Each structure stands twice: as structure tokens, then as C-alpha cells.
Amino acid sequence: MKQFITPMKFELLVMFPTSPVRSCWQKRIDTAKLLIDQLTTEFKPEKYKDNYRTSLLELIEAKKNNEEIEIGGVSKVKPDNVVNLMDALQESLNRAKKDQSKTKKKTTTKKKATTAKTVSKKKKATS
């Protein structure tokens with residue numbers, strides 16, 4: 001099982017560098033710091049485009065000019081491959097109950113047969 005370090009634990013480890021717990025987390029902390037340093041770059045806003053703002057401004061301009069507005073991109077058709085998770089879960093539970101009841105019947109039958117054989121063997125041994 002993997003353990004994750006919480007922000008609170010991290011703060012405690014930084015505050016108490018001589019803690020025995022620190023040694024087991026030290027490698028993870030160093031790796032995390034290295035990864036953060038490698039992935040940190042300067043933010044360049046011109047690198048990103050705000051599509052929502054652009055679309056909204058176009059819509060406002062169209063309304064201002066009394067133009068007819070087309071609403072597109074929204075699909076009302078449901079895909080055929082959608083599975084109802086509750087129905088699938090219920091079917092799975094029903095199958096598990098059936099399998100469990102079959103297993104119980106088999107073990108009960110085997111126990112009765114084994115008990116009958118044991119009793120007959122004991123009778124033969126005492127005779």
C-alpha cells in the first residue's frame with residue numbers, strides 16, 4: 001500500500017528536521033522538490049487563448065447588431081452505448097447471490113456425504 005504525505009505532515013517534517021520519521025520520507029520529499037523545480041516555468045499568458053471570452057464577445061456583438069443567433073455545438077441526442085450503472089450494479093449483485101446460493105448447496109451436500117462415509121467407516125472399524 002502506498003502512503004501519501006499530507007501537507008500537515010510535510011510542514012511537521014520541515015519544522016523538525018531531526019525527527020526519525022523524516023528519514024523515511026526524505027527521499028520522497030527530495031524527489032517531489034526536484035520534480036516541482038523541473039516543471040516550474042514562467043507564466044506566459046500570451047501562450048493561452050480564451051475561447052469562452054471570444055465566443056461571448058461575438059455573441060454580444062451579434063445581439064447588439066440585431067443579427068440572428070445560431071446556437072450550435074449542443075447535442076440533444078443520447079449516445080447508444082450509455083450504461084445505467086445502477087442497473088448494472090443490481091445485475092451484478094443478483095448474479096453474486098445466485099452464485100453464493102449454489103456454492104452453499106454444493107458444500108452442504110458434500111458435508112452430508114462425507115459425514116455418512118465417516119459414520120460407515122467407524123461402524124466397520126468397531127465391528
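Visitor: What is the mean pLDDT of the chain, and what share of its residues reach 70 or more?
Guide: This is a predicted model, and the mean pLDDT of the chain is 75, with 64% of the residues at 70 or more. Where pLDDT is low, the predicted coordinates should not be read in detail.

Visitor: Which elements have the lowest and the highest mean pLDDT?
Guide: Helix H4, residues 85–126, has the lowest at 69. Helix H3, residues 51–64, has the highest at 91.

Visitor: What elements make up the chain, from the N terminus on?
Guide: They run α-α-α-α. That's 4 helices and 0 strands.

Visitor: How do you know that the span of H3 agrees with its number of residues?
Guide: Take 1.5 Å a residue: the 14 residues of H3 should span 20 Å, and the end C-alpha atoms are 20 Å apart, so the two agree.

Visitor: What goes on at the start of H3?
Guide: A side-chain oxygen of Asp-50 comes to within 3.4 Å of the backbone nitrogen of Tyr-52.

Visitor: Why is the pair Lys-64 and Glu-61 called a salt bridge?
Guide: Their closest N and O atoms are 3.3 Å apart. The limit is 4 Å between a Lys or Arg side-chain nitrogen and an Asp or Glu carboxyl oxygen, so this pair qualifies. A search of the whole structure turns up 1 salt bridge.

Visitor: Where do Lys-64 and Glu-61 lie?
Guide: Both sit in helix H3, 3 residues apart, which is about one turn of the helix.

Visitor: What makes Lys-64 exposed, and Glu-61 partly exposed?
Guide: Lys-64 has 58% relative accessibility, so it counts as exposed, given that exposed means over 50%. Glu-61 has 39%, so it counts as partly exposed; that class runs between 20% and 50%.

Visitor: Is Asn-66 buried or exposed?
Guide: At 72% relative accessibility, Asn-66 counts as exposed.

Visitor: What about Ile-71: buried or exposed?
Guide: Ile-71 is in the loop between H3 and H4. Its relative accessibility is 77%, so Ile-71 counts as exposed. From Leu-59, Ile-71 is 12 residues away in sequence and 10.0 Å away in space, C-alpha to C-alpha.

Visitor: How many aromatic pairs are there?
Guide: The count is 1 aromatic pair. The rings of Phe-43 and Tyr-48 have centres 5.9 Å apart and planes at 15°, so the pair is stacked. To pair, centres must lie within 6.5 Å, and stacked means planes under 30 degrees apart.

Visitor: Are Phe-43 and Tyr-48 buried or exposed?
Guide: Phe-43 is exposed, and Tyr-48 is too.

Visitor: What share of the chain is buried?
Guide: Buried residues make up 4% of the 127 in the chain, where buried means under 20% relative accessible area. The chain exposes about 13,100 Å², and carbon and sulfur atoms supply 59% of that.

How values were computed: Residues are numbered from 1 along each chain as its sequence is written. This is a predicted model: local features need pLDDT of at least 70, side-chain atom pairs count only at pLDDT 80 or more; totals for chains, interfaces and linings use all residues. Side-chain values use heavy atoms; hydrogens and water are left out. Rings of Phe, Tyr and Trp (its six-membered ring) pair if their centres lie within 6.5 Å; planes under 30 degrees apart count as stacked, over 60 as edge-to-face and the rest as tilted. Buried means under 20% relative accessible area, exposed over 50%, partly exposed in between (1.4 Å probe, protein chains only). pLDDT is the predictor's confidence in each residue, from 0 to 100. Helices (H or I, at least four residues) and strands (E, at least two) are DSSP runs, numbered from the N terminus. The expected span of a helix is 1.5 Å times one less than its number of residues. A polar contact is a pair of N or O atoms within 3.5 Å; within protein, one must be able to donate a hydrogen and the other to accept it, and residues adjacent in sequence count only if both atoms are side-chain atoms. Accessible areas come from the Shrake-Rupley method with a 1.4 Å probe; for residues, only the protein chains shown count as cover.
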